[in-house]
Every structure is written in C-alpha cells, then in structure tokens.
Amino acid sequence: VATPEEMASDDAPLLAGWFRERLGLRVTVPDYSPAGIHLLGGRIAEMRGRPAAYLLYEKGHILMSVFMVPGVRFAPDGTRAVAYRGATYYTTEVNGQRAVVWADGERVFGLVSALDYDGLLECADRLRSARASERA
C-alpha cells in the first residue's frame with residue numbers, strides 16, 4: 001500500500017535527522033501531541049522547483065500537511081493576512097483545504113488541512129515558537 005510519507009515514523013528527532021541527511025537542512029519537527037495531533041512521518045517534496053520538507057500529521061481521521069521550502073520568495077497573492085499572537089500569517093483555501101502560510105527568514109512554511117483556521121493558526125504558532133527556541 002502506498003503511503004504519503006517516505007519515512008513513516010512518529011519519532012521527531014529521527015525525522016529531523018533524516019531530513020538533515022537527505023536535504024542538508026535543519027527541519028523543525030514540532031510536537032502537536034498536546035492538541036491530539038500525531039506525527040505520521042515525512043517525505044521530500046518539490047515546490048516551485050526546489051526540494052521541500054513535508055511532514056504529515058493526523059488528528060482523528062483528519063490529516064495535516066506541514067511544508068518547509070527553503071530559498072523561495074514569498075508572494076501572498078490571493079491570501080488574507082491574519083495577525084495571531086504577534087505574528088502575521090496568510091490564509092487561503094487550496095483544493096477545498098484550508099492553508100496557513102508564512103515566511104521566516106529565507107524559508108516559507110505552510111500548513112494545509114481540513115482543520116479549522118483556529119487550529120491551523122495554533123499549530124503555525126507552535127512551529128514558529130519551536131524554531132525560535134532551536135535558534136536560541
């Protein structure tokens with residue numbers, strides 16, 4: 001059976017090392033388990049001609065995709081700016097799924113899911129905070 005993840009694992013440090021080895025990037029793998037969202041695994045995807053880290057999570061039977069694309073210019077056309085906990089995120093819908101996107105330095109992040117925007121913004125904020133902690 002084909003699965004959307006190349007590396008099926010709920011072990012965040014293992015996945016972070018897997019991405020570092022294959023992409024040469026430090027990828028933050030956030031822990032969303034307090035919100036009932038569990039890590040399923042990850043894969044290397046392509047976005048705008050560049051390799052991207054793709055993490056897959058699940059809450060009940062609802063999937064959530066988390067993308068990190070290095071070196072891409074962020075153009076929020078067709079999105080709506082939303083302020084959340086002191087940061088600006090951009091929301092839109094993609095193929096019937098909700099998306100929250102933001103830029104952090106030379107990287108663009110995106111969360112895509114059928115979860116509501118409040119849940120996605122909370123997850124985006126947790127990822128932003130985890131990245132800030134890793135850099136400190």
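**Entry 1. Surface and overall form**

I began with the accessible surface of the protein, which comes to about 7,400 Å². Carbon and sulfur atoms account for 50% of that surface. I note here that the model is a predicted one.

I next looked up the overall dimensions. The C-alpha trace spans about 35 × 35 × 30 Å along its principal axes. The radius of gyration is 14 Å, and because a compact globule of 136 residues would have a value near 14 Å, the protein agrees with that expectation. I also recorded burial: 41% of the 136 residues count as buried.

**Entry 2. Order of elements**

I counted 2 helices and 8 strands. Read from the N terminus, the elements run β-α-β-β-β-β-β-β-β-α. I then asked what share of the contacts between residues at least 6 apart in sequence join residues at least 24 apart. The share is 51%.

**Entry 3. The largest pocket**

I turned to open space on the protein. The largest pocket holds about 400 Å³. It is lined by 21 residues, and those closest to its centre are Met 47, Arg 48, Val 101, Val 108 and Gly 110.

Which element gives the most to this lining? I found that strand 8 does, with 5 residues. Strand 8 covers residues 107-113, and at least two lining residues each also come from strand 4 (62-70), strand 6 (87-94) and strand 7 (97-104). Sorted by class, the pocket lining has 15 nonpolar, 3 polar and 3 charged residues.

**Entry 4. The enclosed cavity**

Rolling a probe the size of a water molecule over the atoms shows where empty space is left. The search of the whole structure finds 1 cavity of 30 Å³ or more. The volume of the largest cavity is about 50 Å³.

I listed the residues that line the largest cavity: Val 27, Thr 28, Ala 53, Tyr 54, Leu 55, Val 66, Phe 67, Met 68, Phe 109 and Leu 127. Strand 3 (50-59) and strand 4 are the elements that give two or more residues to this lining. How is the lining of the largest cavity divided by class? I recorded 9 nonpolar residues, 1 polar residue and no charged residues.

**Entry 5. The loop between strands 5 and 6**

I examined Arg 85 and Gly 86 together. Arg 85 is placed in the loop between strand 5 and strand 6, and Gly 86 is in the loop between strand 5 (80-84) and strand 6. Is Arg 85 buried or exposed? Its relative accessible area is 55%, so Arg 85 is exposed, the cut-off being over 50%. Gly 86 has 85% relative accessibility and therefore also counts as exposed.

I noted the backbone of Arg 85 separately: its phi is near 50°, a positive value in a residue other than glycine. For Gly 86 I took one distance.

I moved on to Thr 91, which is found in strand 6. Thr 91 has a relative accessible area of 5%, and because buried means under 20%, Thr 91 is buried. What does Thr 91 touch, leaving aside residues up to four places away in sequence? I listed Thr 79, Arg 80, Val 82, Ala 99, Val 100 and Tyr 117.

Asn 95 sits in the loop between strand 6 and strand 7. Asn 95 counts as exposed because its relative accessibility is 80%. I recorded a positive phi of about 50° for Asn 95, although this residue is not a glycine.

**Entry 6. Helix 2**

Last, I looked up Ala 132, which lies in helix 2 (residues 117-135). Its relative accessibility is 39%, so Ala 132 counts as partly exposed. The C-alpha atoms of Ala 132 and Ser 65 are separated by 21 Å, and the two residues are 67 apart along the chain.

How values were computed: Residues are numbered from 1 along each chain as its sequence is written. This is a predicted model: local features need pLDDT of at least 70, side-chain atom pairs count only at pLDDT 80 or more; totals for chains, interfaces and linings use all residues. Side-chain values use heavy atoms; hydrogens and water are left out. On a 1 Å grid over the protein atoms alone, a cavity is a set of points where a 1.4 Å probe fits but cannot get out, and a pocket is an open set with protein on both sides within 12 Å along at least five of seven lines; lining residues have an atom within 4 Å of a point. Grid points are joined across faces, edges and corners, and a volume is the space filled by probe spheres set on the points. Helices (H or I, at least four residues) and strands (E, at least two) are DSSP runs, numbered from the N terminus. Ala, Val, Leu, Ile, Met, Phe, Trp, Tyr, Cys and Pro count as nonpolar, Asp, Glu, Lys and Arg as charged, and the others, Gly among them, as polar. The radius of gyration is taken over C-alpha atoms; the globule rule is 2.2 Å times the number of residues to the power 0.38. Buried means under 20% relative accessible area, exposed over 50%, partly exposed in between (1.4 Å probe, protein chains only). Contact means heavy atoms within 4.5 Å. Accessible areas come from the Shrake-Rupley method with a 1.4 Å probe; for residues, only the protein chains shown count as cover.
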